[in-house]
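Here is a short note for someone opening this structure for the first time. Please read the points with the model on screen.

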Amino acid sequence: MAAPVDDMFSRCVDPPKASNCVEVRFIDNVKGKGLFAKKAFKKGDTIFIERPLVSAQFLWNALYKYRACEYCLRALETAEENSRRLSGRAALSLPHPELCKVRPDRHQPCPHCQVMYCSAECRQAAWEQYHKLLCLGPSHHDPDHPLNKLQDAWRSVHYPPETSSIMIMARMVASIKQGQLGLLRNLFTTALYEESLSQWFTPDGFRSLFSLVGTNGQGIGTSSLSQWVHACDALELPSQQREQLDAFIDQLYKDIDKEVRIYECFLCCAGNHSCVPNAEASFPDNNFLLHLAALSDISPGEEICISYLDVCQRDRSRHSRHKILRENYLFVCSCQKCMSQMDDADLTSEDEEEVEGEGETEDEMTDV
């Protein structure tokens, strides 16, 4: 269900400022709505900052004991604890520990179920928004509790490594095809059913919720260690100390053989897709706040677009880009770059490489 235009910016940190800077307009029946600038933005400007509607840590990530705030997803383990866990070096000590921004003295548990928050403010916000209903109290570790059974069922059909919404969408579709959605809906209903919300517990209503997460989910990474590394990079040190610190960090990353991620699902106003985006969504605060920033100068009246593809995917052929977008986001891109490449051969990037390879082989044989 689409939100009214007036509510589009209600999740922004400063809704009046956001609504004065950008607006949502109807484009056409194919693209639907789009985000447009109402003022000029320079490259690097923050267009707006947005809170998610809801957020949650990856279930497997939580099972692997990565500690994050149950509300804003901010890391709860210090940079040193993070590096020790990931590297397997229990006695590791980081230089410049004062650069770590994690403050364990501010952490607050739920008094009923003991899940942790980074602050009393986050604990209260979670309680008021959803935790009052979802708090398991003393049943937090009870495997037979309906919510715990629901989480176990989800993990059984959604294996790690957990990634962004692309694979989540793929597995959601597979779950529907293979009948897994019915099991999840039944467990969901057992855990949370309420008569006034009954439309969301029907098969069609539950599919709508599933689709909402799939098309609007955003994967983010939060790490106290990465924050510490960035802070170290900003230190002004004598050349020898700089070399020693850089060598220490390089070795630390070699010892860490896996990346930690947290999943956030939200409804965002970040705009339509373009293969040549003029804006980018990021999470520089190491929590769930999305920052939409300009990648280039944006003029008033210009549509603000992000890219659903990563940098490498955007460099692939038009046919390859369309294949990815069609399979994962169910649309065909008509951005400026795609329109300018309309006459290109319908080859994926892999096909192009094979053709080039065959040509090189033929040339070599001819030379012989």
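1. Start with leucine 76, which is found in the loop between helix 2 and helix 3. Helices (H or I, at least four residues) and strands (E, at least two) are DSSP runs, numbered from the N terminus. At 3% relative accessibility, leucine 76 counts as buried. Buried means under 20% relative accessible area, exposed over 50%, and partly exposed in between (1.4 Å probe, protein chains only).

2. What does leucine 76 touch, leaving aside its neighbours within four places in sequence? The contacts are Arg67, Ala68, Cys69, Glu81, Val102, His107, Met116, Tyr117 and Cys118. Contact means heavy atoms within 4.5 Å. For methionine 116, the C-alpha atom is separated by 8.4 Å from that of leucine 76, and the two residues are 40 apart along the chain.

3. A word on the basis of these values. This is a predicted model: local features need pLDDT of at least 70, side-chain atom pairs count only at pLDDT 80 or more, and totals for chains, interfaces and linings use all residues. Residues are numbered from 1 along each chain as its sequence is written, and side-chain values use heavy atoms, with hydrogens and water left out.

4. Now the whole chain. The secondary structure comes to 14 helices and 11 strands. Of the 368 residues in the protein chain, 40% are buried. Take the contacts with a separation of 6 or more: residues 24 or more positions apart account for 65% of them.

5. Next, the aromatic rings. The structure holds 3 aromatic pairs. Rings of Phe, Tyr and Trp (its six-membered ring) pair if their centres lie within 6.5 Å; planes under 30 degrees apart count as stacked, over 60 as edge-to-face and the rest as tilted. Tyrosine 71 and tyrosine 130 have ring centres 6.4 Å apart and planes at 25°, so this pair is stacked. Tyrosine 71 lies in the loop between helix 2 (59-63) and helix 3 (79-87), and tyrosine 130 in helix 4 (residues 120-134), so the pair ties together parts that are 59 residues apart in sequence. Tyrosine 71 counts as buried at 12% relative accessibility. Tyrosine 130 counts as partly exposed at 22%.

6. Tyrosine 71 has another partner, phenylalanine 288. Their ring centres are 5.3 Å apart and their planes at 65°, so the pair is edge-to-face. Phenylalanine 288 lies in the loop between strand 9 (279-282) and strand 10 (290-294), so its pair with tyrosine 71 ties together parts that are 217 residues apart in sequence. Phenylalanine 288 counts as buried, at 7% relative accessibility. Tyr71, Tyr130 and Phe288 form one aromatic cluster.

7. Look also at arginine 25. Its charged end sits over the ring of phenylalanine 36, 4.4 Å from the ring centre. A charge sits over a ring if NZ of Lys or CZ of Arg is within 6 Å of the ring centre and within 35 degrees of the ring normal.

8. How do helix 9 and helix 10 pack? Helix 9 (residues 224-233) and helix 10 (residues 239-255) meet at an angle of about 160°, with their axes 11 Å apart. Axes are lines fitted to C-alpha atoms, for helices over the stretch in contact, and angles run from 0 to 180 degrees between N-to-C directions. The two helices are therefore roughly antiparallel to each other (under 35 degrees counts as roughly parallel, over 145 as roughly antiparallel, 65 to 115 as roughly perpendicular and the rest as oblique). Residues of helix 9 in this packing include Leu225, Trp228 and Val229; among those they meet in helix 10 are Leu245, Phe248 and Ile249.

9. Two backbone angles deserve a check. Most residues other than glycine have a negative phi. Leucine 73 has a positive phi, near 70°. Leucine 73 lies in the loop between helix 2 and helix 3 and counts as buried at 0% relative accessibility. Histidine 96 has a positive phi of about 55°. Histidine 96 is in the loop between helix 3 and strand 4 (108-109) and counts as partly exposed at 25%.

10. Last, arginine 185 in helix 7 (residues 180-192). Arginine 185 is partly exposed, with a relative accessible area of 21%. Not counting residues up to four places away in sequence, arginine 185 touches Phe201, Thr202, Pro203 and Phe206.
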